[in-house]
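Subject: Structure handover

Hello,

Here is the structure I said I would pass on. Please look through it first; my notes follow below.

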Amino acid sequence: MAQDSSTVDADLFSEFYEKVHAVESAHELFSLIKRIATTFGFAHYSILYIPETVETELRPHLVSTDWPEQLLVAYDEHGLLENSPIIKKLRSGRSPVPYDLDAANLDRPSQEQLVTVNLFRNHRMSRGVYFPCFDSRGRKGAISFFGDRELPSLEETSKLHILSNYCFNRLYTLLKTDTADANLTPRELECLNLAAKGKTNAECSEVLGISENTVAGYLASTAKKLSARNKAHLIALAFEFGILNRHEGE
């Protein structure tokens, strides 16, 4: 249950900071970020890498989120990433970006503005804040907190900014450790390599001489081991941490 955000005192802030340092896996970190969100009175969180200007979908760039799946699907189906004022600000700035549903979407085309406002309002995600972050390689991302509470105060924003940056910096190390410990099987690696080359499950099935359902099963188990949200995220992680490079040609 979310507690009054005014009670997020120095001791609790210090506790969160220490817990970020102590987590041993990305999954533990995601759970902790969810707890931070609810403690500050927010209903949802997201962790993402900032999409390039040519990207058209948001979901492949999400590392972890508890946003409603229906909202995410609709967001990409309507192509709302291209004109997102928040993403534009995140690409160019380093300061926290507050989000108020009505005001934030004024720069969108009128029909797109209506779709966006209705979509987020229906899921009670009227306000929030994004915190630009950098991982240990200097790659830019963001952590966001969303809900229908009022925008956070300056004190709350400062605390969340510090925690978000520390969480994001820890994330790369944890994901790399999780990936190294994944122990993918030879068959999982074969399916992953073919998928990375753009092969469909049916094409992988034909190449490997196994059923399409079996291919899907191998990719699902690989995604679970690597904490990937979907196939695009799975392939991105595999390249990022050298899994495909490491095993290619073996």
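**Around F42**

Leaving out residues up to four places away in sequence, F42 touches A37, R127, G128, F145, F146, G147, R149, P152 and L160. Contact here means heavy atoms within 4.5 Å. F42 lies in the loop between α2 (26–39) and β1 (44–49). Helices (H or I, at least four residues) and strands (E, at least two) are DSSP runs, numbered from the N terminus. F42 is buried, at 2% relative accessibility. In these notes buried means under 20% relative accessible area, exposed over 50%, and partly exposed in between, with a 1.4 Å probe and protein chains only.

Before the rest, a word on the basis of these values. This is a predicted model, in which local features need pLDDT of at least 70 and side-chain atom pairs count only at pLDDT 80 or more, while totals for chains, interfaces and linings use all residues. Residues are numbered from 1 along each chain as its sequence is written, and side-chain values use heavy atoms, with hydrogens and water left out.

S84 is 42 residues from F42 along the chain, and their C-alpha atoms are separated by 21 Å. The loop between α3 (69–77) and α4 (85–92) holds S84, which is buried at 5% relative accessibility. Its side chain reaches the backbone nitrogen of I87 at 3.1 Å. That is a polar contact, a pair of N or O atoms within 3.5 Å; within protein, one must be able to donate a hydrogen and the other to accept it, and residues adjacent in sequence count only if both atoms are side-chain atoms. Not counting residues up to four places away in sequence, S84 touches Y75 and R108.

N105 sits in the loop between α5 (101–104) and α6 (110–122). N105 has a relative accessible area of 1% and is buried. The side chain of N105 reaches the backbone oxygen of L101 at 2.8 Å. With neighbours within four places in sequence set aside, N105 is in contact with P85, Y99, Q113, T116 and V117.

C133 belongs to strand β4 (residues 127–134) and is buried, with a relative accessible area of 0%. Its contacts, apart from neighbours within four places in sequence, are R139, K140, G141, A142, I143, S164, N165 and F168.

R124 is in the loop between α6 and β4. Although R124 is not a glycine, it has a positive phi of about 55 degrees. Most residues other than glycine have a negative phi. R124 is exposed, with a relative accessible area of 56%.

**Helix pairs**

Helix α8 (residues 186–196) and helix α11 (residues 231–240) have axes that come within 10 Å and cross at roughly 105 degrees. The axes are lines fitted to C-alpha atoms, for helices over the stretch in contact, and angles run from 0 to 180 degrees between N-to-C directions. The two helices, α8 and α11, are therefore roughly perpendicular to each other; angles under 35 degrees count as roughly parallel, over 145 as roughly antiparallel, 65 to 115 as roughly perpendicular and the rest as oblique. L192, A195 and A196 of α8 meet L234, I235, A238 and F239 of α11. By class, this contact of α8 with α11 has seven nonpolar, no polar and no charged residues. Ala, Val, Leu, Ile, Met, Phe, Trp, Tyr, Cys and Pro count as nonpolar, Asp, Glu, Lys and Arg as charged, and the others, Gly among them, as polar.

Buried residues in α8 include E188, L189, C191 and N193. After α8 comes G198, whose phi is positive, near 90 degrees.

The axes of helix α9 (residues 201–208) and helix α10 (residues 212–225) come within 8 Å and cross at roughly 105 degrees. That makes α9 roughly perpendicular to α10. The contact joins N201, A202, C204 and S205 in α9 to E212, V215, A216 and L219 in α10. By class, the contact of α9 with α10 has five nonpolar, two polar and one charged residues.

**Cysteines**

How many disulfides does the structure hold? The structure holds zero disulfides, a disulfide being a pair of cysteine sulfur atoms within 2.5 Å. For C191, the nearest cysteine sulfur is that of C204, 5.9 Å away, which is too far for a bond. C191 is buried, with a relative accessible area of 0%, and C204 is also buried, at 0%.

Regards
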